[in-house]
Amino acid sequence: MEYTARLLSLFQDQESLSADMRITVEARAKDMIENLTNDAGLFLHNLDVELHTEDEVKAVITHFPAALSFYHSLEDQDSDDDDDDDDDDDDDDEPIELLAIQIAPSTPHGRNAIPFIPLLAEQGEKLNVGGEGRRGGLLALDKEDFNVLQNLACVPYDDSMCLVFNRLRQSDLFKKEDIRQYDLLYWSCKLESKETFEYLVDWDPKALKEYRYYGNPLLHANSHDIDNFAMALKAGMKYYPEELGLLFKKNFVGDTACKLVFDKYGEEEAWGVIEKCFEETRDAKIVERNPMTNLYPFMLAAAGKTSELNTLYYLLRRNPIVLEFNGEMDVLDSPVERKRRRVS
């Protein structure tokens with residue numbers, strides 16, 4: 001650290017220098033700070049929880065706040081080529097954006113960068129990185145028009161992701177309405193990000209029913225992939241068993257999700273997946289009436305098309321008790337009968 005010590009001594013004693021020499025020192029110091037800011041920006045693009053601590057990262061930001069807005073491209077990450085320095089910033093990313101992009105398993109620094117995202121967002125919010133309303137860079141868009149939250153939602157999950165989400169929520173940088181506004185349920189509804197999907201659903205279960213992706217309910221929007229569809233159906237069965245996991249909810253053209261998967265995958269494959277979802281959610285109470293419609297869930301299937309009658313048969317076979325109510329529903333639900341059951 002010999003040269004650092006000499007510089008500190010020079011700066012502390014610069015009043016003893018001549019005026020023209022002080023001007024020269026100031027100019028060189030300005031160049032040095034600019035270069036160090038660029039170095040700090042590169043440092044923030046390559047964070048690793050095994051190599052760096054939060055205090056160290058925070059110190060870098062404190063001394064070089066402009067580094068939070070330093071642009072760099074993922075393609076240049078392992079390159080020493082200086083010819084790209086004049087590239088348009090629109091092709092590059094700020095540190096928080098690049099960390100979010102990098103967390104895919106195929107990138108070198110990925111997983112170990114995740115824990116620093118809340119810190120970068122918190123510090124970026126204080127310094128208004130990216131401008132008003134961008135939450136310290138969380139809402140900045142990359143070249144694919146994805147913001148940081150969307151990138152986080154659709155990458156493989158590990159325990160650090162839960163900590164990141166919780167801290168961002170505590171800082172009010174991640175809001176419940178973001179789940180719907182930025183299609184986070186849709187992007188996370190895949191096997192590799194299953195835990196993220198479940199985390200988001202637990203936070204906003206009503207979104208399963210109310211959210212639309214280009215006019216389609218979540219179950220319909222995921223009918224293009226049978227595994228994604230199964231994830232959405234299981235979540236629906238957990239929160240909406242009285243509506244059979246929203247399997248018979250219609251989209252904007254009047255098709256049920258059940259019809260879509262039967263048409264796309266064929267009766268055998270589609271029904272096999274649906275039946276497996278039902279088996280894995282056995283605690284769903286299908287013998288209880290929907291309080292809004294006063295109908296049993298199996299009646300939704302009974303009103304559907306021929307392919308959906310497979311569901312009716314399965315539900316009745318699994319819960320034959322509902323057949324005992326057939327023809328006696330008025331008696332069972334009469335005020336006298338309800339009063340008799342309460343007394344007994």
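**Buried contacts and aromatic pairs**

Trainee: In which helix is the place of Asp-178?

Mentor: This is a predicted model, in which local features need pLDDT of at least 70 and side-chain atom pairs count only at pLDDT 80 or more, while totals for chains, interfaces and linings use all residues. Residues are numbered from 1 along each chain as its sequence is written, and side-chain values use heavy atoms, with hydrogens and water left out. Helices (H or I, at least four residues) and strands (E, at least two) are DSSP runs numbered from the N terminus. Asp-178 lies in helix H9.

Trainee: Is Asp-178 buried or exposed?

Mentor: Buried means under 20% relative accessible area, exposed over 50%, and partly exposed in between, with a 1.4 Å probe and protein chains only. Asp-178 touches Arg-135, Leu-149, Leu-173, Asp-183 and Leu-184 (heavy atoms within 4.5 Å), not counting residues up to four places away in sequence. Because its relative accessibility is 0%, Asp-178 counts as buried.

Trainee: What kind of pair do the rings of Phe-174 and Trp-203 form?

Mentor: The whole structure holds 9 aromatic pairs, that is, rings of Phe, Tyr and Trp (its six-membered ring) with centres within 6.5 Å; planes under 30 degrees apart count as stacked, over 60 as edge-to-face and the rest as tilted. The ring centres of Phe-174 and Trp-203 are 5.0 Å apart and their planes stand at 90°, so this pair is edge-to-face.

Trainee: How many residues apart are Phe-174 and Trp-203?

Mentor: Phe-174 is in the loop between helix H8 (159–170) and helix H9 (178–181), whereas Trp-203 is in helix H11.

Trainee: How far is the charged end of Arg-169 from the ring centre of Trp-203?

Mentor: Trp-203 is buried, with a relative accessible area of 14%. A charge sits over a ring if NZ of Lys or CZ of Arg is within 6 Å of the ring centre and within 35 degrees of the ring normal. The charged end of Arg-169 sits over the Trp-203 ring, and its distance from the centre is 3.7 Å.

Trainee: How many of the 14 residues of H14 are buried?

Mentor: Helix H14 covers residues 226–239. Its buried residues, including Phe-229 and Met-237, pack against helices among which are H10 (184–188), H11 (194–203) and H16 (267–279). H14 is mostly covered, and of its 14 residues the number buried is 10.

Terms used: Expected span 1.5 Å × (residues − 1).
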